[in-house]
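Please walk through this assembly with its sequence and coordinates open, taking one region after another and turning from single strands to whole chains and the contacts between them.

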Amino acid sequence: MSTASTAEDVLPYDVVIANFDPVLGLEVHVELGTATKMFCGCRTEFGADPNTQVCPTCLGLPGSLPVVNAVAVESAIRIGLALNCQIADWCRYARKNYFYPDMPKNFQTSQYDEPICFDGYLDVDVETDEGVRTFRVAIERAHMEEDTGKTSHQGGATGRIHGAEYSLVDYNRAGIPLIEIVTKPLEGTGKYAPEVAKAYVAALREVLRGLGVSDVKMEQGSLRCDANISLRPTPESPLGTRTETKNVNSLRSVERAIRYEMTRQAAVLMSGATVTQETRHWHEDTGVTTSGREKSDAEDYRYFPEPDLVPIAPSREWVEELRAALPENPAVRHKRLQNDWGISDFDMMAVVNAGAVDLVEETVALGADQAAARKWWLGELARIANERTLDLADLPITSADVARVVVLVAEGALNDKLARQVIDGILAGEGTADEVVAARGLAVVSDDAPLLAAIEEALAAQPDVAEKIRGGKVAASGAIVGAVMKSTRGQADAGRVRALLLERLGVTED
Amino acid sequence: MADTPSITRDDVAHLARLARIDLPPDSLDHYAEQLDVILGAVAQVSEVAADDVPAMSHPLPLVNVFRADVVRPSLSNAEALSGAPSVESERFRVPRILDEE
Amino acid sequence: MGTSTDLTRLTAAETAAAVAGGEVSAVEVAQAHLDRITAVDGRVHAFLHVDTEGALAAATAVDSARASGAALSPLAGVPLALKDVLTQRGIPTTCGSRILEGWRPPYDATVTARLKAAGVVILGKTNMDEFAMGSSTEHSAYGATHNPWDLERIPGGSGGGSAAAVASYEAPLAIGTDTGGSIRQPAAVTGTVGVKPTYGAVSRYGLVALASSLDQAGPCARTVLDAALLHATIAGHDPLDSTSADVPVPDVVAAALRADVRGLRIGVVKELGGEGYQAGVRQRFDETVELLTGLGAEVVEVSCPNFPYALAAYYLILPSEASSNIAKFDGMRFGIRVGEDDGSPSVEQVMGRTRAAGFGPEVIRRIMLGTYALSAGYYDAYYGQAQKVRTLIARDFAAAFDTCDVLVSPTAPTTAFKLGEKLDDPLAMYLHDIATIPANLAGTPGMSLPIGLAPEDGLPVGMQIMAPAMADDRLYNVGAAVEAALLERWGRPILEEAPSL
């Protein structure tokens with residue numbers, strides 16, 4: 001039974017780290033972007049009317065049978081190769097048996113002890129006290145399975161499962177191909193565990209996007225992360241009891257959820273109690289995890305080889321063909337971009353771990369200066385994404401939009417302040433950068449006449465400042481420039497105003 | 001199997017739970033008795049020395065049976081829901097779900 | 001065709017020829033069989049649903065096609081009874097289970113679609129043991145089928161409805177499914193012909209699965225040639241079934257017409273006979289083996305040492321797969337739902353109540369057995385070990401087929417037993433499939449055909465012919481030769497000996 005989501009005790013993070021060593025395990029589910037489902041020819045489009053992308057097979061009607069989607073298998077192998085995995089010579093599907101109304105057959109067609117991909121790794125860079133450090137995340141396996149239907153809970157106050165009177169099920173999502181990527185226990189990260197986890201998911205997302213196998217939209221659920229977390233007193237101690245935190249649906253929540261769960265488990269352990277092995281649910285809004293289903297020993301999935309599907313035996317020729325056609329390895333790509341842009345390891349790591357490599361690269365390709373592109377994506381836009389609890393890539397703004405803003409600033413048509421307003425407009429859905437500029441009348445005032453008039457006005461209002469400047473205190477010009485900027489509602493180019501002012505007063509800078 | 005575990009009433013109750021069959025309590029002993037007899041008979045498989053024999057999950061040695069990623073017509077919403085015991089808003093209506101999310 | 005001819009007594013081949021030749025209309029043929037069903041099915045109870053309207057419409061379509069000069073397929077206008085385990089769009093499909101009462105599938109099984117495309121007239125759905133679990137049809141939720149030879153006796157199972165329909169002239173053809181003998185054993189006890197094709201020869205799409213790695217649909221008929229014609233109509237690769245074999249269907253019709261065993265090596269399986277087999281069954285079988293020698297075959301004894309373990313392996317593999325296949329019957333998407341009004345039950349409770357109310361005791365036993373065999377801690381000892389035994393049985397077959405063209409045995413150890421006799425003794429019931437199960441485990445084809453009546457009870461005895469995978473044509477060749485020789489000896493078909501209903 002679920003317990004009420006009362007606040008649980010937590011310990012400060014530094015206390016957790018002083019007393020415990022965390023071990024993580026990450027399970028990432030990737031919804032493939034195939035045209036049809038894993039085992040039938042139904043469409044996979046997001047947002048279709050309920051139960052219109054279903055057939056006897058994905059509805060689990062009596063008599064129906066599955067047939068494997070070739071592209072899903074190919075995608076699984078490509079993912080495995082990109083994650084440095086071995087590809088099985090021969091493997092089978094297996095049935096995972098359990099009853100749940102979102103699963104039409106009451107078993108999930110998955111893989112068990114014969115995954116198609118196994119023994120891989122992904123390297124991620126994280127900032128540590130000693131500088132940027134590379135952590136190798138070992139990957140246990142990547143296997144194929146199918147998604148479940150979507151259940152909506154009716155009646156009751158919140159639309160949530162508790163207190164609901166009944167539920168409605170839409171099976172459009174049922175049977176969409178999933179690849180589950182499971183890490184080996186991730187040890188030795190110490191206090192950097194949450195950052196390493198986040199960096200791993202970011203890196204994985206970049207790999208998957210590069211392969212073009214999924215749209216990897218965390219907020220739409222096409223990339224989902226479950227985090228297994230346990231604490232032990234020292235790295236030499238046996239593994240502690242783990243919890244599995246589900247519903248971690250953004251990059252930032254990977255980090256937050258793990259950090260929270262570590263502080264919660266530490267409080268439990270420090271109080272002398274034991275951690276309950278259970279599923280927990282992450283709540284982005286409140287920043288806590290709550291108890292879900294207890295993982296009892298009675299859970300017995302009775303796996304056995306799927307008799308309705310024949311084994312998969314990818315030929316070595318096929319695997320090598322797919323390997324040869326893989327896109328550039330992310331580590332190589334990062335090095336290349338870092339060189340192209342001429343930036344430090346630290347700056348490059350910041351771009352990578354913000355999940356912004358693609359965004360910055362695209363923005364630069366569209367004509368923006370690399371420094372400006374990084375500044376906007378990792379500065380203003382990262383701040384807004386954080387406020388909205390979204391990942392950067394999920395903000396309603398494109399690389400093309402940002403590139404255009406950067407170009408407008410470089411041309412002097414916008415200053416930073418105006419550029420921020422343009423970005424606000426784009427995010428508010430007011431159109432492209434140029435459309436927002438036009439609609440809001442945000443162009444920098446470039447005609448000198450109105451500026452000179454405004455300067456005269458400001459000098460008249462502050463004669464003492466004017467005297468100081470004349471007397472050589474050039475720094476005092478800021479007050480006049482500020483007044484001009486204010487009177488022109490920010491639309492002046494501050495540099496131009498300053499130049500005109502100094503010219504007007506006959507002062508030259510050293 | 002020389003030491004075939006005998007099936008108890010509690011075992012039957014556990015199996016029934018796993019198999020989602022709400023058996024009347026007064027039927028458990030009878031099922032336990034019958035399953036015990038059947039298991040005793042099928043445990044005969046353990047008499048066969050087969051340690052180095054591969055397991056056979058499929059009768060034909062087929063591999064790599066795939067389908068092109070090409071859309072086929074789905075059922076209409078009405079057809080999909082035609083056999084459902086309860087329907088609401090184009091969806092399957094099911095009783096309240098406990099425990100899990 | 002004279003009006004005095006009873007259209008229900010014709011073979012499928014004769015019927016098709018008469019329809020194609022314009023001697024009789026498909027509608028007349030269909031009506032004659034519908035009338036026969038009306039007359040006798042109250043006593044036989046072979047059908048769970050008779051689709052009068054659909055059958056007459058299909059027959060009308062065949063007549064129209066003929067009138068317009070279109071080429072007719074070899075079984076156009078021939079009536080057929082479809083086992084209620086195959087889906088037919090819009091027609092009730094229950095699998096003999098209460099849990100599916102009233103369900104009308106929104107799609108056709110591939111077998112159904114091929115029958116329709118061939119102009120076969122589907123009369124209705126036949127009775128069966130619930131989810132094909134049984135050897136007597138007594139496990140049907142809708143009451144047992146009765147053997148036309150003796151209404152107090154079982155017609156075999158699970159496909160007793162299909163066999164009884166054919167034996168009682170309600171249809172010249174029927175579709176059965178065979179997981180451990182459900183086509184062949186009913187054929188044996190009703191004096192008809194039944195064939196389990198090679199696994200993968202006939203699509204399982206739309207066949208409600210009992211045990212996916214064992215199930216195979218096949219023909220039921222009164223003659224070997226009729227069975228071959230039906231086999232040829234339904235077999236062939238189906239992209240909707242991943243386990244369907246993408247190879248050409250052997251020419252079973254030509255084989256049935258050849259009927260020549262000269263020079264063939266025929267193996268008598270030592271382990272399938274002897275103790276536990278009724279005296280009259282043994283006698284008729286021995287006589288038929290002698291007959292084969294007389295026809296020019298070389299008969300040898302072969303040993304399949306692992307066959308004695310087939311039953312045990314089967315009753316682990318089947319329940320394991322079945323427990324998973326039958327999980328989808330939970331009252332959520334189709335079928336009945338029970339216990340929703342009692343309090344405010346959870347989905348878990350409603351599923352449990354629905355399944356308890358919807359399944360009969362044999363289904364519950366096998367689900368529990370399979371759940372047990374797949375459980376953590378027991379998997380290796382039960383399911384895993386059973387799959388290894390399965391390999392050994394397949395190897396026994398392979399070794400035997402190295403020296404023999406076909407193998408033979410009695411189809412069932414006894415003739416039809418009395419209704420109720422073994423109902424409370426699951427193991428005794430299971431033993432009736434002891435000779436048919438090995439072929440399902442190995443995926444190889446098998447045929448049962450009538451070889452006489454047991455002297456002690458006057459009931460039909462069947463002989464089983466087994467062939468290597470994808471050599472289904474050998475069954476038809478040997479079966480047709482035996483059939484012809486016996487017909488010559490008897491002077492008339494065996495079913496003429498059955499009491500008229």
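In this predicted model, V193 of chain C has A221(C), a residue of β6(C), as its bridge partner. That bridge belongs to the pairing of strand β5 of chain C, residues 193-196, with β6(C), in which the two run antiparallel and are joined by 2 bridges. Strand β4 of chain C, residues 173-177, is also antiparallel to β6(C), and here 5 bridges join the two strands; within this pairing G176(C) has G218(C) as its partner in β6(C). How many of the residues of β6(C) are buried? The strand, which covers residues 217-221 of chain C, is mostly covered, with 5 of its 5 residues in the buried class.

When the contacts of chain A with a separation of 6 or more are considered, 70% of them are made by residues 24 or more positions apart.

One of the sheets to follow in chain A is open and has 3 strands, arranged in the order β5-β4-β15 with antiparallel pairing. Its edges are formed by β5 (107-110) and β15 (304-305) of chain A, and because each of these has a single partner strand, one side of each is left without a neighbour in the sheet. Strand β4, residues 94-97 of chain A, pairs with β5(A) in the antiparallel sense over 4 bridges, and N97(A) is found opposite F107(A) of β5(A).

A residue of interest lies in the loop that connects β15 and α5 (316-324) of chain A, namely P307(A). Is this proline buried or exposed? P307(A) is buried, since 25 other C-beta atoms lie within 10 Å, and the cut-off for that class is 20 or more. Its surroundings draw on other chains: apart from neighbours within four places in sequence, P307(A) is in contact with S57(B) and H58(B), with S212(C) and S213(C), and with E321(C). L26(A), by contrast, is 281 residues away from P307(A) in sequence and 30 Å away in space, taken from C-alpha to C-alpha.

A further sheet joins strands of two chains. It is open, with 4 strands in the order β8(A)-β9(A)-β3(B)-β2(B), and its pairing is antiparallel. The edge positions are held by β8 (150-154) of chain A and β2 (87-88) of chain B, each with a single partner strand, so that one side of each has no neighbour in the sheet. Within the part contributed by chain A, 5 bridges join β8(A) to the antiparallel strand β9, residues 166-170 of chain A, and H153(A) stands opposite S167(A) of β9(A).

Chain B itself has 3 helices and 3 strands, which follow one another along the sequence in the pattern α-α-β-α-β-β. Its radius of gyration is 22 Å, well over the 13 Å that the globule rule gives for 101 residues, so chain B is more spread out than a compact globule. Its C-alpha atoms fill a box of roughly 55 × 45 × 25 Å along the principal axes, and buried residues make up 36% of the 101 residues in the chain.

The contacts between chains complete the tour. Where chain B meets chain C, the contact takes 46 residues from chain B and 58 residues from chain C. On the side of chain B, the elements giving two or more residues are α1 (9-18), α2 (28-42) and β3 (91-95) of chain B, and the largest share, 7 residues, comes from α2(B). Sorted by class, this side of chain B has 33 nonpolar, 8 polar and 5 charged residues.

Where chain C meets chain A, the contact takes 32 residues from chain C and 25 residues from chain A. The side of chain C that touches chain A receives at least two residues from each of α10 (310-325), α11 (347-358) and α12 (361-374) of chain C, and α10(C) supplies the largest share, with 3 residues. By class, this side of chain C comprises 16 nonpolar, 10 polar and 6 charged residues.

Methods: Residues are numbered from 1 along each chain as its sequence is written. Chains are lettered from A and ligands numbered from 1 in the order in which they are written. This is a predicted model: local features need pLDDT of at least 70, side-chain atom pairs count only at pLDDT 80 or more; totals for chains, interfaces and linings use all residues. Two residues are in contact if their C-beta atoms, placed from the backbone, lie within 7 Å. Two strands pair if DSSP finds at least two bridges between them. Ala, Val, Leu, Ile, Met, Phe, Trp, Tyr, Cys and Pro count as nonpolar, Asp, Glu, Lys and Arg as charged, and the others, Gly among them, as polar. A residue is buried if 20 or more other C-beta atoms lie within 10 Å of its own, exposed if 12 or fewer, and partly exposed in between; C-beta atoms are placed from the backbone. The radius of gyration is taken over C-alpha atoms; the globule rule is 2.2 Å times the number of residues to the power 0.38.
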